[in-house]
Each structure stands twice: as structure tokens, then as C-alpha cells.
Amino acid sequence: MNIQIPELCLVALIGASSSGKSTFAKQHFKPTEILSSDYFRALLTDDENNLEITREAFELLHHVARKRLLAGKLTVIDATSLQKDARAQILRTAKETDVLTVALVLDIPEETLMERHHARPDREFPVSVIRKHAYQLKNSLRSLEKEGFRQIHVLKPEDLQTLTLERKPLYNNLKHLTGPFDFVGDVHGCFAELRELLIKLGYVVTEDLQAHHPEGRTAVFVGDLVDRGPDSVGVLRLVMNMVKAGTALCVMGNHDEKLKKHLSGKRVQVRHGLEQTAEQLAATSHEFHQEVSRFLEGLISHYVLDQGNLVVAHAGLIERYHGRTSARVREFCLYGETTGESDEEGLPIRLDWAKDYRGKARVIYGHVPVQKAQWVNNTIDLDTGCVFGGKLTALQYPELTLAEVAAHKEYCEPGTKLKNLLNAQQAADHTLRWQDFAREKFIETAVGTVRIHEANNIAALETASRFALDPRWLIFLPPTVSPSHTSERPDLLEHPEDAFRYYQKQGLSQVVCEEKHMGSRAIAVVCRNSDVARTRFGMTTESLGVVYSRTGRAFFNDEQIEKALLERLSAALERAGFWEEFQTNWVCLDGELLPWSFKALSLLKEQYASTGSAATHALQTAVQLLQKHPDATAVLQNAQERLSNLTDYVQAYQNYCQKVDSLEDLKFAPFHLLATEGQVHSDKTHLWHMETLERLSTFDPLLAATPYQVVDLHSEESIQQGIQWWETLTRSGKEGMVVKPMQFVPDRRTQPALKIRGREYLRIIYGPEYTQHLDRLRGRALGAKRERATREFHLGLEALNRFVTHQPLWKIHECILGVLALETEGIDPRL
Ligand code: CTP
Ligand code: MG
């Protein structure tokens with residue numbers, strides 16, 4: 001005896017005590033697939049015969065069953081299941097998880113049960129229980145089918161000897177088919193257009209309505225082959241032939257379903273185009289009707305293809321239903337999700353499931369006519385209303401290109417105007433949902449997964465939602481940069497040699513040293529014109545772009561300055577021929593806005609200058625007083641030293657203070673040309689970035705080039721030159737430099753940049769007298785900072801990659817928020 005059960009189902013073993021359920025289960029299922037009530041009783045009370053705990057044991061059992069089934073795992077319930085209530089719970093669990101149910105009934109004669117029972121040391125209850133069980137089983141056998149079990153197998157002792165259980169893939173599981181595919185939208189009897197489209201796609205369509213693709217491609221029809229159009233019969237013939245020949249797949253549409261009912265003699269309303277189909281079919285033979293009936297009977301409501309990466313269903317499908325089988329899954333596939341209400345024209349009001357779709361599998365569907373097929377959250381509606389005078393559309397997979405054929409005429413007047421969205425993804429992105437962010441995240445980047453803890457994400461969400469810019473502008477956030485290893489040299493905390501040695505050790509041969517401007521980090525997204533802000537970034541207000549800080553906040557308090565700056569930048573890029581050169585209408589630049597005092601004025605006033613002036617005053621007075629006391633030389637010397645340190649400190653911050661009266665006093669020094677349309681320029685070297693930006697900076701004095709030097713790590717001479725360059729820079733009051741690997745994206749173990757700050761600059765950071773405490777400060781720990789630097793770097797690039805590949809806003813923003821979330825973790829701010 002051979003029984004076939006679906007690969008994913010809930011199996012109920014039904015039988016009296018000692019009928020052999022547990023024995024059977026062990027023979028045919030994996031231990032982890034079997035959930036036995038005894039086991040859960042024991043789990044809770046150490047006693048598998050404890051009947052008092054039955055309720056809780058079953059609660060737990062079904063909880064586990066639900067989790068397993070939701071995870072797509074076949075599950076077996078090993079309990080007597082002789083009572084209707086117990087079985088009702090099993091059916092509920094299956095229904096909730098949209099899986100099929102299989103009842104395996106062990107029908108064993110009462111005498112055998114008794115014999116076995118007496119032989120068992122582990123069952124103490126009286127034989128009357130067995131008798132009751134036998135009686136209940138007889139009753140159960142009568143009602144199982146009515147209760148709703150999908151498969152019922154009654155097994156007698158003799159069957160058990162020879163029984164084999166075979167697991168069959170679900171009908172919807174075509175994961176092994178990897179394509180290439182050509183998905184075709186709703187045809188609705190538009191035979192001529194279908195034929196034209198297939199030929200356009202490279203299919204050979206013969207006179208006798210057979211079609212195949214010479215390269216072995218498979219056409220996949222999203223359903224609604226029939227109704228409204230001029231030749232549903234032709235469409236049926238062609239598609240049926242293709243499906244039969246294995247050159248096409250087809251899922252069931254709501255119109256196909258209705259035709260099926262009509263043909264099988266069920267009473268359906270012959271309207272919404274069925275009247276045309278019925279009329280066209282009337283001219284065909286009875287055999288053909290039967291053939292059509294058989295074809296329609298055999299249609300499945302959805303398919304999972306290509307290792308689970310693709311799902312096709314007529315009206316689409318939410319992720320939870322992929323590869324499931326239940327009435328409501330089928331209902332969804334055919335009709336989509338509706339509110340249950342109707343609009344003024346009597347059509348059901350639909351819920352926009354695609355807007356909420358977050359699944360990894362691409363979902364290809366039709367059903368709702370739209371003017372053009374567009375991706376929304378990894379889903380695409382291919383119904384471009386051919387029968388309403390629109391187009392017939394196909395999607396080629398894996399190429400993801402669209403092919404279209406215009407309708408030859410309007411065969412049917414559309415009830416409502418076809419949805420016409422310029423950019424459907426942007427419309428869906430209009431509102432971000434907190435559920436997408438306020439939880440633990442595993443963000444996949446080009447170099448691996450970055451994990452963000454829930455608490456950090458929530459903290460980031462909290463500040464971002466109050467202070468950050470419109471998320472649609474935030475396509476990148478810069479990473480933190482770690483200092484080089486702490487120097488061993490006397491008098492210094494940071495020195496370039498440590499950075500060079502580090503990169504040498506990482507196996508690099510060249511690095512680029514860039515002057516570290518003392519300003520404020522600024523990201524500029526510059527558009528060619530305000531149309532671009534609207535169409536590419538989804539902005540509704542007139543704008544040429546945006547300038548924001550490293551925490552995603554508006555850089556300027558004054559919108560007029562920002563506007564003027566963006567106009568200048570956009571015009572400079574125009575003059576430079578940049579837009580043509582890069583085939584783009586926008587650019588994302590990462591750089592530094594100078595002077596520092598412009599943005600940091602309050603920090604300067606409240607922190608540095610007040611410290612500077614209070615301490616100067618106090619120390620000067622102390623020195624004056626001490627000079628009058630000949631016996632206080634030691635104390636005087638100390639005060640003088642402190643005063644000298646303080647003078648250096650004041651000098652250090654004054655270096656970066658300039659008055660800003662107008663735009664002319666500002667400078668933007670970009671050092672990364674991050675992205676343009678379709679491209680993230682992380683595939684170029686830092687040298688390329690330096691040279692390209694240097695060239696652009698000649699087009700407006702507002703732009704500053706960043707001085708740089710390439711250091712060859714194989715040459716000691718070159719290394720020494722690099723060191724000298726840093727010494728010259730810092731001696732002249734510059735902050736220091738940043739050393740970057742020549743390749744923009746090093747491997748994950750390697751820091752994407754290291755900063756080496758000058759001795760005097762660090763006085764601002766560590767305090768006027770830090771040079772006195774160098775030995776203590778050398779103990780600073782860099783590990784966490786480095787870890788963060790690489791993760792933020794890769795998240796930032798991932799955000800850009802997602803933006804240039806037109807991914808949904810929530811996908812881009814999860815990276816942006818990820819950077820902010822990593823920043824919420826406390827790390828020594830002086831690093
Ligand atoms: N047994 C048997 N022949 C079979 C199956 C089972 O002799 N074909 C014996 C087992 O070895 C065991 C007893 O019958 O000693 C009960 O089998 P078990 O599988 O434990 O029965 P269950 O139906 O699981 O009983 P319960 O409901 O009490 O758990
Ligand atoms: Mg048992």
C-alpha cells in the first residue's frame with residue numbers, strides 16, 4: 001500500500017490508545033516532525049500520563065504546530081484525536097496556517113488493542129478506556145469527511161505491514177523551474193495582440209496555433225485569458241496547446257474561474273464579458289467545450305518558481321500565502337484583497353497589498369488594469385488593459401525587460417479610468433511605516449550582513465523622525481572615521497606612519513592621503529533642475545536638491561543660503577558639462593563645508609571660547625601674582641606652562657574661525673563623487689575621485705579642491721614623503737589628513753579610511769593640557785570605533801546602491817537608519 005501526502009501538511013494520527021500511533025509515527029516521520037501530546041504533558045509535568053495538564057499540553061502542542069507550519073514544515077500530531085473537539089482544533093491550526101490536512105486513522109480490532117494494552121507497563125488506565133476509544137473511533141470514521149479533512153486514510157493492521165508513505169510536492173511548487181520565462185498579462189480574448197506579442201518575444205507561432213520559443217523559454221500567463229475580447233476561443237486554443245506542449249504555464253484568473261463554472265453547468269451571471277465568450281464558444285464543438293473545461297479544471301491559482309524567487313498569481317499574493325494551499329489563499333490569488341465594500345460603480349474596493357509587500361520573492365500578477373507595468377516593492381502588475389484599448393504587456397525573466405504590443409482597438413469600454421501613476425513606487429513610498437524599522441534588522445550589503453539591534457533602531461527612529469530631513473532626500477549617510485593606531489612617539493597621539501604600516505599589513509600597495517579640511521561634513525544632493533527633484537526624488541516642493549549633515553539634518557538653518565548654494569553648484573556642473581559626461585540629472589557629493597565656525601559657532605562660543613577666555617584670565621592673573629613671590633618659582637613655572645598650553649589651545653581653534661557674511665565666505669570641498677544616475681562611483685579609485693572633483697572645482701570658486709598625495713606603500717621614500725606632507729600640513733595649522741586605500745571599497749577587514757590628526761588640533765579635542773597626559777591617553781581603545789566605521793561605510797554605500805537601482809524607499813531608509821542606529825551606541829566622542 002502506498003499513500004501520497006503533500007510535502008507540506010498537517011497530519012493527524014487518529015486512533016485508540018495502543019493502536020500504534022507513536023510506533024507508526026516513528027517509522028514514517030522525522031522525530032522533529034512529530035508532536036505528541038504525551039511529550040507535551042511530560043514537558044510540563046514530567047509525567048506523560050498526567051491528564052490534568054491536558055489543556056495546557058495541547059495549547060503548547062498547537063502553538064508549536066503553528067510555528068512549524070508557518071515555517072513551511074510538515075507536522076504530525078500524535079494524540080488519539082478521537083473527539084470532535086480535538087480534531088476541530090487540528091483543522092483550525094491548519095486553516096490558520098493555510099496548509100492541507102491529512103487524517104491517518106489506525107483502525108485496529110478491539111481485541112488487539114486490549115492485548116497490547118495489557119502488555120504495556122506505561123499505561124495504567126482501566127480497559128474501559130480502551131473500549132470507549134474503540135467506540136469513539138467508529139463514530140469518528142463517519143464524520144471525518146464532513147469535518148473537512150482533505151485526505152482520509154483508514155489503515156487496518158494488514159495495511160500497516162506494507163505501507164509506504166510518499167511525499168508529493170504541492171501543485172503550486174514549481175521551484176525547480178528556473179526559466180527563462182516570459183510572463184504575459186491579462187489577455188481577455190485579445191488573440192491578435194497575443195500572437196503579435198509572442199512573435200515579438202521570439203516565439204514561433206504556427207498556423208495550427210502551436211507556439212514554442214527556439215531558446216526554450218516558457219511563457220507564463222497570469223490568468224484572465226477570456227472574456228470581453230474578440231477571440232477568447234483563439235486565445236484558449238493557443239494557450240491550451242502551449243500548456244499541453246510544455247511551452248507555457250498558466251494560472252487561474254477570476255474570469256477563467258467563472259467560465260469554468262459556466263461550462264460545468266453552475267449558475268453564474270453571464271456578464272462582464274462572459275456573454276462574448278459564451279457566444280464565441282457556441283460556434284465550437286462539444287469536444288472543444290470539454291477540452292476547455294478540463295483545462296480550466298486543471299488550472300492552479302498560483303505558482304512558486306525559480307527556487308522560490310518568483311511567484312505568479314492572477315491578483316498577486318501576500319508573502320505569507322506563498323506556496324500555501326487553502327480556500328483563502330486561492331481566493332486571494334483570484335480576486336485579491338478587498339474591503340468587502342463596493343464603490344459607486346458597484347466594483348469591489350481593493351486593498352493595495354503590493355504597497356505593504358516586503359517579501360524577497362518577486363510577485364508577478366495582473367487583474368487590476370493599469371496604464372503601464374511598474375515595479376512596486378518587488379511586485380509588478382502586468383495587466384495593461386489590452387481589451388480596454390491599452391496594451392498587452394510581457395515581462396521577460398530573468399532579464400526583467402518589458403515587451404508591449406498596443407491594442408488594435410478598444411474592445412470594451414473601461415468601467416473606470418485606468419490607474420495612471422507616473423511612478424508607482426514613489427506613490428507607494430509616500431509614507432514610511434515604523435514597523436519596517438522599529439525592530440532588529442539584518443541588512444544585507446555587498447560585503448555581508450550588518451545587524452542592527454532593535455533598541456538602537458528605535459532610538460535612531462526617534463531622533464530621525466524629529467530632526468532629520470524628508471527621508472526621500474537621504475540616500476547616503478557618511479560613516480564615522482577611525483583614527484590610526486595610537487602612536488608610540490613621544491609627544492604625539494597620532495602619526496601617519498601608523499596608518500601606512502596598518503595598510504601595508506592589510507596587503508595594500510597604494511593609499512591616497514587627503515587633507516582633512518576643518519569644516520563640517522556635508523552631503524550635497526544636487527539636481528540639474530527642479531523637475532528632477534520631483535520625478536527622481538518624489539519631492540513636491542520646488543527644489544534643486546539638498547545639503548545635509550552627517551546625521552541627516554538640514555545643514556543650513558537659512559533656506560536661502562542653501563538655495564543659493566545649490567543654484568551655484570548646479571550651474572557649475574552645467575558649465576562643466578558634468579550632466580552630459582555622467583549621463584545624469586543629479587549627483588550626490590560627500591565633502592566638507594568650510595569654515596568650521598559657520599556651523600559650529602555656538603559650540604565655539606559656549607565651549608571652546610568660554611574655556612579659553614576664562615582660563616586665560618585666571619592663569620594670567622595667577623602668573624602675575626606668583627611673580628611677586630620669589631619663593632614660589634615651582635608653582636609659577638607650572639602656571640606659566642599651563643598658560644602656554646592654553647595659548648596654543650586658543651590659537652588652535654582660532655585657526656578655524658572666520659566671519660561668514662555671505663555665500664562668498666563659504667567653501668564646499670567635496671572629496672567623494674558618490675553617485676549619479678544608475679551608478680555608485682565606489683568602483684573608482686580615490687585618485688579618480690580627487691582628480692575628477694579637482695577638475696569640477698575650477699568651475700566655481702565656491703568649490704574647493706582637496707589637496708592630496710598618493711603614497712606607494714612599497715617605497716620607504718614615498719612613505720617618508722607622506723609623513724613630511726602631514727608634518728607640513730599640521731605645522732601650518734591644518735587639522736591633519738585622512739588616509740584611504742586606493743580602491744574605494746577595501747575588504748571587510750580593512751578600514752575604509754583612517755584619520756591622522758595634528759598635535760595642535762587634538763588640543764581642541766582632548767583639552768589644553770592633553771600633552772601632559774599622553775601616557776594615559778595612549779590607552780584609548782579603538783576597536784569599537786573601527787568596527788562601527790566599517791559597518792557604517794558599507795551601509796552608506798548600500799543605501800546608494802539601492803537608490804540607484806530604484807529600490808523602494810523603505811529599503812534605502814533601512815540603511816540610513818542603520819547608520820544612525822550604530823551612532824546611538826556610546827563610543828568615546830574624541831576618537
Ligand atoms: N504495537 C504493536 N504492533 C504495532 C504497533 C504497536 O505491537 N503494529 C505495540 C507497541 O510496541 C506498543 C503498543 O503496541 O507496545 C502501543 O503502541 P503505540 O505506538 O505506543 O500506541 P499509541 O497509539 O501511540 O498509544 P497511546 O495512544 O497510548 O500513546
Ligand atoms: Mg503514543
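Begin by selecting ligand 1 in this predicted model, and then display the residues around ligand 1, which are Ala 16, Ser 17, Ser 18, Ser 19, Gly 20, Lys 21, Ser 22, Thr 23, Asp 38, Arg 116, Arg 120 and Arg 123. If you colour this shell by residue class, it divides into 1 nonpolar, 6 polar and 5 charged residues. Colouring by secondary structure instead brings out helix H1 (residues 21-28), from which the largest share of the shell, 3 residues, comes.

Next, pick out individual contacts of ligand 1. In the side chain of Thr 23, an N or O atom is 2.4 Å from an oxygen atom of ligand 1, while at Ser 19 it is a backbone N or O atom that lies 3.3 Å from an oxygen atom of the ligand. Moving to Arg 116, you will find a polar side-chain atom 3.3 Å from a nitrogen atom of ligand 1.

Now turn to the aromatic rings, for which a search of the whole structure finds 25 pairs. Select Phe 537 and Trp 586, whose rings form an edge-to-face pair, 5.8 Å centre to centre with 85° between the planes. Phe 537 lies in the loop between helix H18 (530-535) and strand S28 (545-548), and Trp 586 lies in strand S29 (residues 586-594), so the pair ties together parts that are 49 residues apart in sequence. Both Phe 537 and Trp 586 are buried.

Then select Tyr 656 and Tyr 761, another edge-to-face pair, with 6.2 Å centre to centre and 75° between the planes. This pair links distant parts of the chain, 105 residues apart, with Tyr 656 in the loop between helix H22 (633-654) and strand S30 (667-676) and Tyr 761 in helix H25 (residues 761-766). Tyr 656 and Tyr 761 are both buried.

Finish with the cysteines, where a search of the whole structure finds 0 disulfides. Select Cys 9, which is in no disulfide and whose nearest cysteine sulfur, that of Cys 333, is 19 Å away; Cys 9 itself is buried, with a relative accessible area of 0%. At Cys 412, the closest cysteine sulfur is in Cys 190, at 9.6 Å, which is too far for a bond. Cys 412 also counts as buried, at 19% relative accessibility.

How values were computed:
Residues are numbered from 1 along each chain as its sequence is written. Chains are lettered from A and ligands numbered from 1 in the order in which they are written. This is a predicted model: local features need pLDDT of at least 70, side-chain atom pairs count only at pLDDT 80 or more; totals for chains, interfaces and linings use all residues. Side-chain values use heavy atoms; hydrogens and water are left out. A disulfide is a pair of cysteine sulfur atoms within 2.5 Å. Buried means under 20% relative accessible area, exposed over 50%, partly exposed in between (1.4 Å probe, protein chains only). A residue is near a molecule or strand if one of its heavy atoms lies within 4 Å of it. A polar contact is a pair of N or O atoms within 3.5 Å; within protein, one must be able to donate a hydrogen and the other to accept it, and residues adjacent in sequence count only if both atoms are side-chain atoms. Helices (H or I, at least four residues) and strands (E, at least two) are DSSP runs, numbered from the N terminus. Ala, Val, Leu, Ile, Met, Phe, Trp, Tyr, Cys and Pro count as nonpolar, Asp, Glu, Lys and Arg as charged, and the others, Gly among them, as polar. Rings of Phe, Tyr and Trp (its six-membered ring) pair if their centres lie within 6.5 Å; planes under 30 degrees apart count as stacked, over 60 as edge-to-face and the rest as tilted.
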